[in-house]
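The structure is placed below for reference.

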Amino acid sequence: MNRLKLEIEKFWNHKNIWTTDANIKNIVLKTIENLENGSIRVAYFLNEKWIVNEWIKKAIIMYFSIQNMNTVELGPLEFYDKIPIKNKFKEKGIRVVPHAIARYGSYISPGVILMPSYVNIGAYIGKDTMIDTWATVGSCAQVGNRVHVSGGVGIGGVLEPLQAHPVIVEDDVFIGSRCILVEGVLIKKGAVLGANVVLTASTKIFDVTNDKPIEIKGIIPKYSVVIPGSYPKKFPSGIYHVPCSIIIGKRKESTNKKVSLNDALRTHNLEI
């Protein structure tokens, strides 16, 4: 992997030869192959923080450049694109319901269920996670083990800028219907997001579980129960209510994750 990293970094600023140099092509293809089989990933957790592998993002961008457009036919369906479609799901222990599509270069762990959904290149999905109907997992997004991504959820990818964190969802998170997570937000372990929660890097998040609200941005703490909300903001033409997210409680840190989740949903009368 170190050799691949050194080669990608070496050739990154030589865009004029990406498509003509056979050695560069081989290095890029080998990197994407390792993404595909889970040997490497765009972001990893080390010493209590997430680290981004910028060189892998660079390899993905280079891959777009060196690939040729091709027609892919699946029965009566036709696609025209540069990136192959992921396959051999049975061997990988992944359940895929028509018309779920995952691009080559994404990693999907055994036990994952893909309802009709979309997973982009560079994404990572952990074991026993459910990606429900019409949900999307963007390029380089990182989704942990035993996560439930409900119908219509949009998990945005962050391929560029290179140093930016992708959207990261840690283990045992529940994401309610039609939630939107973009701009590198971090959802910590065990959190529960109610339906229609929208989180961007600039979205204000208010923790109202104590006497005074605490404002944070870009991160949902462990086991938080979150709902959509709004707060008043003054503009030249008047005061208007701007979307925010509100932490209204905590999910129990329990070994029985299903009981903990159901308890959180009942206690806070949460729509999912």
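The entries below cover the sheet and then the cysteines.

**Basis.** I worked from a predicted model, in which local features need pLDDT of at least 70, side-chain atom pairs count only at pLDDT 80 or more, and totals for chains, interfaces and linings use all residues. Residues are numbered from 1 along each chain as its sequence is written, and side-chain values use heavy atoms, with hydrogens and water left out.

**Sheet.** I took helices (H or I, at least four residues) and strands (E, at least two) as DSSP runs numbered from the N terminus. I counted two strands as paired if DSSP finds at least two bridges between them. I found an open sheet of ten strands with mixed pairing, in the order 5-8-11-14-17-20-25-26-22-23. Strand 5 (95–96) and strand 23 are at the edges with a single partner strand each, so one side of each has no neighbour in the sheet.

**Strands 22 and 23.** I noted that strand 22 (residues 204–207) and strand 23 (residues 214–217) run antiparallel and are joined by four bridges. A hairpin of six residues connects strand 22 to strand 23. Lys204 lies opposite Lys217 of strand 23.

**Strands 20 and 25.** I found strand 20 (residues 192–193) parallel to strand 25 (residues 224–235), with two bridges between them. Here Leu193 faces Val226 of strand 25 as its opposite residue.

**Cysteines.** I searched for disulfides, meaning pairs of cysteine sulfur atoms within 2.5 Å, and the count was zero. I called a residue buried under 20% relative accessible area, exposed over 50% and partly exposed in between (1.4 Å probe, protein chains only). Cys179 is buried at 0% relative accessibility, and Cys140 is buried with a relative accessible area of 0%.
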